[in-house]
Amino acid sequence: MKKQMKSIITVGVAALSAFIPTISSADNNNEHNLLGYSVAWKQTAAEYRALYYQGFNLAKMHLDKALMEYKKGDKPLAIVTDLDDTLVLPLEYWGKLIQNNKDFFEDPLWDEWIPTNGMIPSPGSKDFLEYAKRNNIDIFYVTSRNQGEPTWDLAKQNILAMGFPLKDDSHLTVLTDTSNKETRQNEILKDYNVVVFLGDNLNDFRRKYYIKGDVDGRIAKMEEDKDLFGSKYILFPNPTDGHWLAAIFGESEPEASQKNREVLLKAATKTAWQDK
């Protein structure tokens, strides 16, 4: 039976591989762009937006609880938040990729687009941040970006263009040479009671989740902290990019290649019904 199942799987993979050239020709035929479903969901789904409202509603509940329990002499309250796909949605960027028949993230286009302030506030983000500000809760933005020398200024420009509160420059950290946010997070934790961390990526919470080339290992690390999700960690949806890709490809921004298209399709069939 095992030998028979192995034969079925081998045939299935071979058939899938034969289909890949059609799918992979994103430059010539956008009909089969591998990003299509994910980007369409971000662009159109009410469920996508509802998950942001849900996340910020939940975060607000935790702020209210922390405010009720706060006593004189306690550390000041704070939140630590990611920026892209957490507070702002780069929908224009992803739409442009599809228009250009691209099926993988492109840094040059991203760097060209960032200065346009073309992102929009995620649903509920602005109200949540304004609520935190009104209640004297410090807001720390910690993000990973690299647009060269103007990177930090561009991030500040995006924040202000969205109408988000920024207490002072020390409340914005932009990491250009690493995606490891834990050092800055630990600095904040020394002086503040961080009520919630906000992000679209497990790496926005702690570095332990940054695992390359091991999907099951990354899932296991998440499972260790399952009680923190919805309490300390507020996670938002992002099906197009993030460090979940590093668990599949070994890097979070894989190049657009035939090999990587095959790797992606293999991941998509990690479990699949083997019909008779």
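1. The protein chain holds 11 helices and 7 strands. Note that this is a predicted model. Of its 276 residues, 43% are buried. The chain exposes about 14800 Å², with 53% of that supplied by carbon and sulfur atoms. Among contacts between residues at least 6 apart in sequence, 75% join residues at least 24 apart.

2. Asn203 sits in the loop between strand 6 (193–199) and helix 9 (215–224). Its relative accessible area is 2%, so Asn203 is buried. Leaving out residues up to four places away in sequence, Asn203 touches Ser179, Lys181, Tyr209, Tyr210 and His243.

3. Lys181, one of those contacts of Asn203, forms a salt bridge with Asp204 at 2.7 Å, N to O. Lys181 is in the loop between strand 5 and helix 8 (182–191), and Asp204 is in the loop between strand 6 and helix 9, so the pair ties together parts 23 residues apart in sequence. Both ends are buried: Lys181 at 4% relative accessibility, Asp204 at 7%.

4. The whole structure contains 17 salt bridges. One of them joins Lys167 and Asp138, with the closest N and O atoms 3.1 Å apart. This pair links distant parts of the chain, 29 residues apart: Lys167 lies in the loop between helix 7 (151–161) and strand 5 (172–175), Asp138 in strand 4 (residues 138–144). Lys167 is exposed at 61%, whereas Asp138 is buried at 6%.

5. Glu224 and Lys208 also form a salt bridge, closest N and O atoms 3.0 Å apart. Glu224 belongs to helix 9; Lys208 is in the loop between strand 6 and helix 9, 16 residues away. Glu224 is exposed at 52%, and Lys208 is partly exposed at 30%. Shared partners join Lys208, Lys221, Glu224 and Asp225 into one salt-bridge network.

Note on methods: Residues numbered from 1 in each chain as written. Predicted model: local features only at pLDDT ≥ 70, side-chain atom pairs only at ≥ 80, totals over all residues. Heavy atoms only, no water. Helix = DSSP H or I, 4+ residues; strand = E, 2+ residues; numbered from the N terminus. Buried < 20%, exposed > 50% of the residue type's maximum accessible area, 1.4 Å probe, protein only. Contact = heavy atoms within 4.5 Å. Areas by Shrake-Rupley, 256 points an atom, 1.4 Å probe, with all protein chains shown as cover. Salt bridge = Lys/Arg side-chain N within 4 Å of Asp/Glu carboxyl O.
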